[in-house]
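Notebook open, model loaded. I want the overall picture before I go after single residues.

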Amino acid sequence: MTLWTTAIGAWGDVFSSCGNIIRLLEKEGRDSCSVVYFGLDEDIKEFLEYQSFIDEVYHLKLGGEHLYDALMYQCQWDYPRWLALAKLEDLSPVRTHVTPELLESSDCFRDFDLKLPPRTDERLPESFILFQPYSIQSNTKDTHWPHWMEALEWILNNTDHDVVMVGKDGVPGSPDPCFVTPRVESDRVIDLVNKTDSMMDVLNMASLAKGIVSTSNALPIWCIVKEIPVLVVYNLIIKEKANYFYNWYKSEPAITLESDSSLEDFERRFKMMLPQ
């Protein structure tokens with residue numbers, strides 16, 4: 001009998017869901033299962049299909065983009081009714097997505113591996129720092145660490161590496177739709193903001209970078225799973241709103257920096273992440 005599980009949300013949520021799925025498979029003595037994915041990113045379906053422990057992925061497209069947030073809320077807080085609306089009762093998927101109960105906990109399962117379809121990018125320099133200071137999928141600019149551009153200037157002035165900067169500007173429907181990513185003008189900054197087709201492009205860059213500096217989003221979760229050193233600078237609300245993810249980053253090889261930290265604190269932590 002096929003075991004169905006769930007992965008719901010964006011990339012960081014799905015990475016965490018994969019860990020929960022693998023832990024369930026170990027408990028059940030199984031090698032693989034199938035997954036119901038409920039989210040807006042078609043590339044996540046491709047990513048899930050690429051994993052050896054997943055047999056089949058059903059990408060649930062329920063209600064369209066305009067009802068997504070409401071249905072996501074219902075999935076989290078009234079799972080039986082959500083199953084009925086989605087007509088998934090026959091599959092009876094086990095909840096392996098990040099639930100409200102999990103968000104309040106520190107039960108982070110990190111002992112697993114994930115695979116990534118390989119991609120190449122000729123825009124990358126030979127030696128670079130991957131730099132993602134902003135993530136506005138679920139946050140606004142004013143909830144981010146306030147010293148990001150000063151930190152970028154410090155990296156340029158104190159290392160020989162180029163900097164590949166990634167991320168997205170605000171779009172309609174996002175928490176900060178008018179957000180425009182700040183920049184530092186330099187020939188050593190390769191500006192790929194709004195210029196990556198998929199998060200999978202960014203994840204492939206992570207495997208090539210000399211060091212990674214990021215806000216608290218999906219990228220550091222991937223780095224922890226793949227054991228890639230990363231400096232994570234928390235946003236201002238993650239500890240209060242998502243204790244689970246706040247704790248997710250507190251694992252080697254990640255080095256974390258609290259949201260009220262100074263630029264001098266960043267400098268010290270950066271040197272720990274990437275010794276000269």
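**Overall fold**

I started with burial: of the 276 residues in the protein, 57% are buried. I keep in mind that this is a predicted model. Counting secondary structure, I got 11 helices and nine strands. The radius of gyration came out at 19 Å, close to the 19 Å the globule rule gives for 276 residues, so the protein is as compact as a globular protein of that length. I also took the spans of the C-alpha trace along its principal axes, and they are about 60 × 35 × 35 Å.

Next I looked at contacts. Among those with a separation of 6 or more, 69% join residues 24 or more positions apart. On charges, I have 25 positive and 44 negative, and their mean positions are 2 Å apart.

I picked T5, which sits in strand β1, residues 4–8. Is T5 buried or exposed? T5 has 0% relative accessibility, and with the cut-off for buried at under 20%, T5 therefore counts as buried. Then I listed what T5 touches beyond four places in sequence: I21, L24, C33, S34, V35, V36, P93, V94 and T96.

From there I went to helix α3, residues 68–77, where I found Y68, L71, M72, Q74, C75 and Q76 buried. I remind myself that an α-helix has 3.6 residues a turn, so residues three or four places apart point the same way. What covers the buried residues of α3? The cover includes β1, β2 (33–38), α4 and α5.

Most residues other than glycine have a negative phi, and most peptide bonds are trans. I went looking for exceptions.

K87 is one of them: its phi is positive, about 55 degrees, although K87 is not a glycine. I placed K87 in the loop between α4 (79–85) and α5 (100–103). K87 counts as exposed because its relative accessibility is 70%, and the cut-off is over 50%.

S92 goes on the list too, with a positive phi near 45 degrees in a residue other than glycine. S92 lies in the loop between α4 and α5. At 46% relative accessibility, S92 counts as partly exposed.

For peptide bonds, I noted a cis one joining E252 and P253, with omega about 5 degrees. P253 is in the loop between α10 (243–248) and β9 (254–257).

**A look at N217**

Where does N217 sit? I found N217 in the loop between β7 (211–215) and α8 (218–225).

Leaving out residues up to four places away in sequence, I have N217 touching Q132, S135 and Y249. I also followed the side chain of N217, which reaches the backbone nitrogen of L219 at 3.3 Å. Last, I checked N217 against D176: the two are 41 residues apart in sequence and 16 Å apart in space, C-alpha to C-alpha.

Conventions:
Residues are numbered from 1 along each chain as its sequence is written. This is a predicted model: local features need pLDDT of at least 70, side-chain atom pairs count only at pLDDT 80 or more; totals for chains, interfaces and linings use all residues. Side-chain values use heavy atoms; hydrogens and water are left out. Helices (H or I, at least four residues) and strands (E, at least two) are DSSP runs, numbered from the N terminus. Contact means heavy atoms within 4.5 Å. A polar contact is a pair of N or O atoms within 3.5 Å; within protein, one must be able to donate a hydrogen and the other to accept it, and residues adjacent in sequence count only if both atoms are side-chain atoms. Buried means under 20% relative accessible area, exposed over 50%, partly exposed in between (1.4 Å probe, protein chains only). The radius of gyration is taken over C-alpha atoms; the globule rule is 2.2 Å times the number of residues to the power 0.38. Lys and Arg count as positive and Asp and Glu as negative; His and the chain ends are not counted. The place of a charge is taken as NZ of Lys, CZ of Arg, CG of Asp or CD of Glu.
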